[in-house]
Amino acid sequence: MYSVDNRVLIDDINGCSDTTSEDPILAFIEYASSVLCPLEEQGRLEEEEEEDLGEYRNGPGWNWITSRILKTCISYSSGVTAAILLSELSQAWNEQQRYKVPKKRSECINKLKKKYRRKKLPNTVSIDSIYEKNFLSLSSVLEAVVVDTFLLPGTNIYLLTLGDLWSSNTIDLFLHRRYYNLVNPGNGILKGGREIFLTGCYLRTATEGSGHYRLLPSEYLVILLDEDEDDDAMLLGAQFCSDSFSSISIDAANGGVSYSLFARVESIGILESKGKSGDVQRKQIILVDNDGVKLRFLLWGEQILLANLFSVGSMLALDRPFIASSEDSDVATCEEFCLEYGSATQLYLMPFIQHEEQVTVALTQNVYQGSRLLTTLDPSQGAKVSQVTLPCDSHGSVDFSDYPFRSCRRL
């Protein structure tokens, strides 16, 4: 009823077995065991954890591998390849290791939690909530921390193990291939301790595949930068300080020239769809560069999910955005061109952190009676002064918009 393509297995393990006359299934089991066995090659456990593995430190046994192969064949009843089997075996074995080893909160997550100051994005969900609800909507946002990056044994498929600041669980993400150049073992930016924002994810639930949660690849990923970190400051200086909006030439862009731009998010809004764009949903993000020049960054269709990852006041770095003429983009604007999220575009973000200041506000008698400030006012002493903490806007000025007695205050 269930089949494994023997020819595929023979091709895939060619050169990995000492004998060509051996049954291909048995040869594959031996090959899988050799791939899964070396803990040092997986990089999935800390050295001190290895002592707690007991019988599991030498890798999976023959019976375990055979059992997992049969379960995978049941899940993929139309047939499986060696790559599918290795992927499922690797995931199942890694999950079993995680269960056997006592959970330890990643050191990088603890470090980030101490310095966490920004507000959660509106659609943010935790990894624990994904496990609890067995559901993840496309518009949900993950504010995640990369715990680990690894290749599935026998494949060239990268996965990220993600955690967050509010969860005890982690979840694996199949990395989209547009980001593969960022996981280079030597100098890749997507490594342990890196924060990312992620949306537009499909969840592979526990009832599918090998029986463990995983996130399928999403193009809508933004890498967070911290200018206080030397590596991030060097990246910004080396890659994003040469180009400005004024230096963009649409003719040069059409000729293959790429740009790396750095700007502040001034506003995020819906763009009316008409003309060439038809019924396609669009959003526009107004960006302002260091010279004060404004330019539109357009998102089309499913790309509008990316807008969930931005907030007004944040600094956005765009590597290789698509330069489109305003006419082609069907945008009524005086600018000759606008930016779009192209197939090679990668985004970096420095989130806006809202600072607060204590200000002194003088209250009249009437204002005081209507307020909830827990102070006493003696009418014979005249106006009273109170200290309140108010947020600053994206320009650094004190924001009185949410203060209820702005119109009546006396300084």
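How much space lies in the largest pocket? In this predicted model, the largest pocket holds about 1200 Å³ of space. To find its centre, select Leu 225, Asp 226, Glu 227, Glu 229 and Asp 232, the closest to that point of the 37 lining residues. Next, colour helix 7 (107-114), helix 9 (230-239) and strand 14 (346-350), the elements that each give two or more residues to the lining. By residue class, the lining divides into 14 nonpolar, 9 polar and 14 charged residues.

At the N-terminal end, display Asp 23, which caps the helix through a side-chain oxygen 2.8 Å from the backbone nitrogen of Ile 25. The buried residues of helix 2 include Phe 28, Tyr 31 and Leu 36.

Finally, turn to the aromatic pairs, of which the structure holds 5. Select Tyr 116 and Trp 166: the ring centres are 5.9 Å apart and the planes stand at 90 degrees, so the pair is edge-to-face. Tyr 116 lies in the loop between helix 7 and helix 8 (127-133) and Trp 166 in the loop between strand 2 (158-163) and strand 3 (171-174), so the pair ties together parts 50 residues apart in sequence. Tyr 116 is partly exposed, with a relative accessible area of 23%, and Trp 166 is partly exposed at 29%.

Then select Tyr 220 and Tyr 341, whose ring centres lie 6.3 Å apart with planes at 40 degrees, so this pair is tilted. The two residues are 121 residues apart in the chain. Tyr 220 is buried at 6% relative accessible area, and Tyr 341 is buried at 5%.

Key. Residues numbered from 1 in each chain as written. Predicted model: local features only at pLDDT ≥ 70, side-chain atom pairs only at ≥ 80, totals over all residues. Heavy atoms only, no water. 1 Å grid on protein atoms, 1.4 Å probe; cavity = no way out; pocket = protein on both sides within 12 Å on 5 of 7 lines; lining within 4 Å. Points joined across faces, edges and corners; volume = space filled by probe spheres on them. Helix = DSSP H or I, 4+ residues; strand = E, 2+ residues; numbered from the N terminus. Nonpolar A, V, L, I, M, F, W, Y, C, P; charged D, E, K, R; others polar. Buried < 20%, exposed > 50% of the residue type's maximum accessible area, 1.4 Å probe, protein only. Polar contact = N/O pair within 3.5 Å; in protein donor to acceptor, adjacent residues only side chain to side chain. Phe/Tyr/Trp six-rings, centres within 6.5 Å; stacked < 30°, edge-to-face > 60°.
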